[in-house]
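Please look over the structure below before reading on. The paragraphs after it go from the whole chain to some of its parts.

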Amino acid sequence: MSNQVRVRFAPSPTGGLHLGGVRTVLYNYLFAKQNGGEFILRIEDTDQTRFVPGAEEYIFNCLAWCGLTPDESPKHGGPYAPYRQSERKAMYRQYAEQLIKQGNAYYAFDTAEELEKMRTDFKTDENPSPQYNYVIREKMKNSLTLGEAETQKLLEEGAPHVVRIKMPQNEEVKFNDMIRGEVSFNSSLVDDKVLLKADGMPTYHLAVVVDDYSMKISHAFRGEEWLPSAPVHILLWKYLDWENDMPQWAHLPLILGPDSSKLSKRHGNKYGFPIFAMNWTDPKTQELTEGFYERGFLSQAFVNLLAMLGWNDGTEQEVFSMEELIQRFDIIRVSHSGAIFDFEKAKWFNHEWIKKLPVAEYKDQVKKIFADNNITIANDEQFAKVLELVKDRCTLLNDFVAQASFFFQSPKEIDTAAIKPKWDDKKQQFFAELIRAYELLPTWQHDELEREFKEIVAANQMKPGELMMPLRVMLVGGKFGPGVFDIAAIIGKDETIARIKHALALLG
RNA sequence: GCCGCGUUGGUCAAUCGGUUAAGACGCAUCCCUUUCACGGAUGAAUGACGGGUUCGAUUCCCGUACGCGGUACCA
């Protein structure tokens, strides 16, 4: 086998792509790129009952946004096509049959009702979920109990059947996990998993082994929820006599919700933060689940925060670009325990990236958000200037609306309550005077606006502090934002004066 | 129930047997700022429990507890 690094991410197209999924992609991707390898995306659509139209395209959109482009996939093509398991259906059966011939698997004809009956009949307090295992299989309807002739007859009649792996009794199945070290299982405690379903489709267990082998996958990273079925896969690699080509495994810790259970859509609804990379609308129910993208996250921040959820490089550095991650990522340093997702920290990462990145990198994304809020941007250069001025106070891209919309339209509401209590005629006159002075100004620059303001303040023997705040509220609508004269300089003479007049009318 | 994997502040976490047990998020206080942020400083807050091994355990081993995952013709 070659030393070529080939990794894969194999989602099933059943709905939104959540944090844990994207992180699995990310770790796969980082590992591949770091080793000059290939990242393959394979679609695991073997369960047609759960197939959701649009889900595959959605996954590609999410990956594209994150900058995690596959080298091979149903969309990008590649030498091991097809990359959709439903299109590979024909090739699985031969392996299932090979296993049967070798005595490592068998046909099972039990109906859903019979299985159900078995589960209730053998259910006890000590064993609430009886498994189809080395004991039970002797009591069921399969090629082991039926005998060759009867089995043959049923097969010829076209009786519905599945193929199950025949788990050996009392064997120690061990393997070395790149993250956890040696993990071992007793084969007696693992049930006879279905390999081939009645509809001829393979289950995940068969498909993952056959496909990883035929696509020459060198390293298999997947979520920790797969650890319990790893012995089935290990045995399959062995039985198919591919052991020397078996990928190295790494089972990634889970990403948890605030209640420390496996992160799910439920958590997003409950705690009010996104779970999916991008907006996902269920085509059946029309239910919309919010994504990080739409919430105002930068892809750089999203990738960064995901990378840090379960991994660090041992230094104090937390902000990493994709290039740095590719360089520094080390699967050995991935933590062994699940990490609770903290939305506050996620926002912090985004804030860091907003500050760090040049405005040009996200100007268009913000412009779109402004358009969604019915604010059209006429002057791109000025827009960039404004974003630069307020970026420090924006955590999410959507915050730019609240922080900068007053540059492009007069504030909808003026927080007069902030000024009124201390408002008097003297202040009213001051602003009238300020308007007159500003109207006479030949040019409109930050410094002269400030100078003029201060001169009038001094002439009236007032304090700048008590007038600065009213001016701010008049211009922006509230007690926030960058320097007042910066704002006035950008919005221009006419607009500045108009806003002061408007506020004066409200106060007077 | 059984099997597997885990367990350092509220959260993310460093430590490859010896430290005053880092750092970050969040929180609090202060400074800066004639606003809000940014920035800076300070503070509160951590090794689940019990046994070993060792001169010395957060670190290694065992047990207990707890948590999570799995236990489908779903992935």
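**From the whole chain to its parts**

Chain A contains 21 helices and 13 strands; helices (H or I, at least four residues) and strands (E, at least two) are DSSP runs, numbered from the N terminus. This is a predicted model, in which local features need pLDDT of at least 70, side-chain atom pairs count only at pLDDT 80 or more, and totals for chains, interfaces and linings use all residues. Residues are numbered from 1 along each chain as its sequence is written, chains are lettered from A and ligands numbered from 1 in the order in which they are written, and side-chain values use heavy atoms, with hydrogens and water left out.

The C-alpha trace of chain A spans about 110 × 45 × 40 Å along its principal axes. Its radius of gyration is 32 Å, whereas a compact globule of 508 residues would have one near 23 Å (taken over C-alpha atoms; the globule rule is 2.2 Å times the number of residues to the power 0.38). Of the 508 residues in chain A, 50% are buried (under 20% relative accessible area, with a 1.4 Å probe and protein chains only).

Next comes helix H13. Its 14 residues, 343–356, should span 20 Å at 1.5 Å a residue, and the end C-alpha atoms are 20 Å apart, which agrees; the expected span is 1.5 Å times one less than the number of residues. At the start of H13, a side-chain oxygen of Asp342 comes to within 3.1 Å of the backbone nitrogen of Glu344. The buried residues of H13 are Phe343, Ala346, Phe349, Asn350, His351, Trp353 and Ile354. Their cover includes helix H10 (292–295), helix H11 (299–307) and helix H16 (399–404).

Strand S8 (residues 219–223) holds His219. His219 counts as buried because its relative accessibility is 11%. Beyond its neighbours within four places in sequence, His219 is in contact (heavy atoms within 4.5 Å) with residues including Val5, Phe31, Met178 and Pro247.

What surrounds RNA strand B? There are 64 residues around RNA strand B, of which Glu126, Gln131, Glu318, Arg393 and Pro464 come nearest; a residue is near a strand if one of its heavy atoms lies within 4 Å of it. Sugar and phosphate make up 69% of the atoms of RNA strand B that come within 4 Å of the protein. A phosphate oxygen of RNA strand B is 2.8 Å from an N or O atom in the side chain of Lys197, and a phosphate oxygen is 3.3 Å from an N or O atom in the side chain of Arg164.

Terms used: Polar contact = N/O pair within 3.5 Å; in protein donor to acceptor, adjacent residues only side chain to side chain.
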